[in-house]
Amino acid sequence: FKAAVLIQRWYRRYIARLEMRRRCTWSIFQSIEYAGQQDQVKLHDFFSYLVDHFTPSSHNERDFLSCMFTEKRLLKDPEMEKYCDYESIEVPDYYTGPHVSFPLLPDHATALVEAFKQKKQLHARYVVNILHEARNHLIQLPNINRISTCYSEEITVCGDLHGQLDDLIFIFYKNGLPSPERSYVFNGDFVDRGKGSIEILMILFAFMLVYPKEFHLNRGNHEDHIVNLRYGFTKEVMHKYKVHGKKILKMLQEVFCWLPLATLIDGKVLIIHGGISDKTNLELLEKLERHKIISTMKYTKKPEKEKLVEESRSSSPWFPLKSRSVPSSPLRLSPQKGSRSASIPCSFIPNRKEISKRVRKSVQLELEKCRQQVGVSEFKVQEELPLLPPESELDSCDLEGVNYEEWKQVADILWSDPMPQEGCKANTARGEGCYFGPNVTEQMLQRHNLQFLIRSHECKPEGYEFCHNRKVLTIFSASNYYEVGSNRGAYVKLGRDLIPHIVQYQANRATHTLTMRQRISRVEESALRALREKLFAHSSSLLGAFKSYDLDGTNFITLSDWSAAVESVLHLGLPWRVLRPQLVTHTTNNMLEYKSWLNDLAKEQLSHENIQSSLLEVLYRNRSNLETIFRIIDSDHSGLISFDEFRQIWKLFSSHMNIDISDESICDLARSIDFNKDGNIDINEFLEAFRLVEQSYLEDKDSELKTSETSDSSCSSQGIH
Amino acid sequence: MADDKDSGEMGLQEIQKKIKDAFEVFDHESNDTVDVREIGTIIRSLGCCPSEGELHDLIAEVEEEEPTGYIRLEKFLPMMVKVLLERRYRPIPEDLLLQAFEVLDAAKEGFLTKEELMKYMTEEGEPFTQEEMEEMLSAALDPETNTIQYRDYLAMMVIDEN
């Protein structure tokens, strides 16, 4: 029947276009996510840069820097005990949330789940209590958990949850609560991004304490306080626990570092959060002291004589220098740069010029410091340098038991991603770990007599994905991760036969009622919004790029040139020609009048005229970096930073990023945010201003967001006017 | 739709770049090959509306002598350029589609029952898979009357495409 064929032809084409849109949307989200991760790495490079190049001119600035870099650890147990002194935290009578007492019983854990379902919040005292008990338990566990299907019939493995409490509740609902017959392994990344991170942690720790033999947790790259600063967990804790948040965060550092690194089922199935590298070695992993790795985001060596460092505060910038203290070893790394082996420390920018510049600078600084401190710490200078004999490679240095090689082992486990090509190369998208190919997987399986690997770390549209000839299974349990309708979540069950059974779900009733078209449209709109935001943030660079294609000064460029220009500025690797119809709507004769296009973009993003668009553009582009920096500066997590600190950090930031914004406009900006005129800026309000800009675009265009010139707006919720 | 106009007026280079972009979206290994099962999606997203049979012919043209399950860009590109330049497999105009529905609507009532649509789509022409059928129904079916008001459905879909 011709009619039928016609309809079918048309329909199939329609579906195909939808599919194409879905793929593009996916790439947009992924590339923006990874770009964000790269920003994080750049941020760390920024700090390293600061240390190398910034000569503190005033005592204040030096203190400022040193307090950013020194990490005071609660290593000693008696100190720890005093810190998590939960007994002193009183629970008021009006508290209606769940109560917890020890020893923890299954009913308590179940009650927690119920309470969280009803949106109750657990009191700080119990949070601290649970963390304390969790740490005591975790300390006893080995680096690699070995479990067996003999004890429980089946084992359920779940992937990233990222603070999405609904998904965890759904998993327990669909698969059943943990019990002696029902084992669970949660493969890291419990926190960040979603809004229920602390609740998820409480539930997971509670069940771990109730069923220690059947409930297991692996560490993920987000179980890391530095990552938390950027991706929302720190914010969530401070917001929910205004009085005790700081204590909870500090304790969490001590808990996260004790999480086991991997789980092994029947000696045949290895579960790690990220992946492996060609250097991954289970024996080494088992032996190292995992709690010494507080963060896998940067490699810092602890000085052997910690007391000495803290005594002379003026030499604290000395401390991070130690990670590159031997002039000869970085130099040796430069010739090796050609082969991108996984042994190049990821905190280095793989750029020969940069390395030699830094080395020269750090050597100079070092010499300067030596000269400065000749009197005071001469003996110290002599002590430290011989510890690192010039001939030694970076990875044979050994200070306090965690050397570079060990740290890299853990970073690889937590950050790597599989790739289809053979080989193993540095993971440039994430900045840590590597990409590993099927041959690396094969070697690993053979070396340790394994059947397959289970890992998480990457979001997949179906919630799971097999690769490397079904030898690697990615399992991701946060459904609707990017946006409602973006992806399913999944978990995998293993019985005695070790054959994986996958269960998928999407924890949002609304998505079931939407058709595919609607789902894709929603997600797509969200992705395009994010993309437009990024385009706006690079307006000036884009203008420059467009101009270079418009040599005659006609103000028009071809659409083809548009695609090329955009990619050259954003470096996101997206299929711009496919996306173009969605981003460029007005063309005349196939030519684009780029200036008005940029203006339209700006109009979408701005809702007020007080801040010049260039300043807003710059701030916007660096928003998440700024937020992270703010949170680091605000070391007491008070939510306030002083006017001076704000100016200082902005000066440093702008000189590093070569941003040309006048001091004056920054001052104006800062002053306008300082509503109560007490010289302090509320970080949250500053950032809220950006959210409002975003929101007003989403809401009705004719919303009335009054912009006021002066800063005496009594209603602080208006943010920056 | 913008794409159609474009492919006629743009230069050869632009067409090639467009095809490459679309191809790359599905090139998961970044080695200029895509799974043969995705070719249909790529071709359709570039503005063409071939039937399944026509699609198979196209694939046969670009497959390797010994089918590997993958199609290489270097074979796909020239074929696709020709298709676009010759404006083959143009999409169906709305009124023709409406006529098609009307042909199926034997009783000329302005709607099709769910059973009728299912029967035609899964038994006649180039049959739908069950998935395709379900998906189409989810959008097309009017839950109150359990029928497909095809005029409205078409109108909605056409707006959507733009």
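## Helix packing in chain A

Helix H22 (residues 559-570) and helix H23 (residues 576-583) of chain A pack at an angle of about 105°, and their axes lie 10 Å apart. Axes here are lines fitted to C-alpha atoms, for helices over the stretch in contact, and angles run from 0 to 180 degrees between N-to-C directions. Angles under 35 degrees count as roughly parallel, over 145 as roughly antiparallel, 65 to 115 as roughly perpendicular and the rest as oblique. H22(A) and H23(A) are therefore roughly perpendicular to each other. H22(A) contributes Leu559(A), Ser560(A), Trp562(A), Ser563(A), Ala564(A), Val566(A), Glu567(A) and Leu570(A) to the contact, and H23(A) contributes Trp576(A), Arg577(A), Arg580(A) and Leu583(A); contact means heavy atoms within 4.5 Å. By class, this contact of H22(A) with H23(A) has seven nonpolar, two polar and three charged residues. Ala, Val, Leu, Ile, Met, Phe, Trp, Tyr, Cys and Pro count as nonpolar, Asp, Glu, Lys and Arg as charged, and the others, Gly among them, as polar.

Helix H7 (residues 197-210) and helix H9 (residues 233-240) of chain A pack at about 90° with axes 9 Å apart, and are therefore roughly perpendicular to each other. Ser197(A), Ile198(A), Glu199(A) and Leu201(A) of H7(A) meet Phe233(A), Glu236(A), Val237(A) and Lys240(A) of H9(A). This contact has four nonpolar, one polar and three charged residues.

## Basis of the model

This is a predicted model in which local features need pLDDT of at least 70 and side-chain atom pairs count only at pLDDT 80 or more, while totals for chains, interfaces and linings use all residues. Residues are numbered from 1 along each chain as its sequence is written, chains are lettered from A and ligands numbered from 1 in the order in which they are written, and side-chain values use heavy atoms, with hydrogens and water left out. Helices (H or I, at least four residues) and strands (E, at least two) are DSSP runs, numbered from the N terminus.

## Helix packing in chain B

The axes of H4(B) and helix H5 (residues 73-85) of chain B come within 9 Å and cross at roughly 140°. H4(B) and H5(B) are therefore oblique to each other. Leu58(B), Glu61(B) and Val62(B) of H4(B) touch Lys75(B), Phe76(B), Met79(B) and Val83(B) of H5(B).

## Interface of chains A and B

In chain B, 54 residues are in contact with 33 residues of chain A. The two chains bury about 4200 Å² between them, 61% of it on carbon and sulfur atoms; buried area is the accessible area (1.4 Å probe) that two parts lose on being put together, summed over both.

Four salt bridges are found across the interface, a salt bridge being a side-chain nitrogen of Lys or Arg within 4 Å of a carboxyl oxygen of Asp or Glu. Glu132(B) and Arg12(A) form a salt bridge at 3.2 Å, N to O. The side of chain B that touches chain A divides into 26 nonpolar, nine polar and 19 charged residues.

## Salt bridges and local geometry

Over all chains the structure holds 25 salt bridges. In one of them, Glu114(A) pairs with Lys117(A), the closest N and O atoms being 3.2 Å apart. Both residues lie in helix H4 (residues 106-117) of chain A, three residues apart, about one turn of the helix.

Most residues other than glycine have a negative phi, and most peptide bonds are trans. A cis peptide bond joins Phe102(A) and Pro103(A), with omega about 5°. Pro103(A) is in the loop between helix H3 (77-83) and H4 of chain A. Asp266(A), not a glycine, has a positive phi of about 55° and is in the loop between strand E5 (262-265) and strand E6 (269-271) of chain A.
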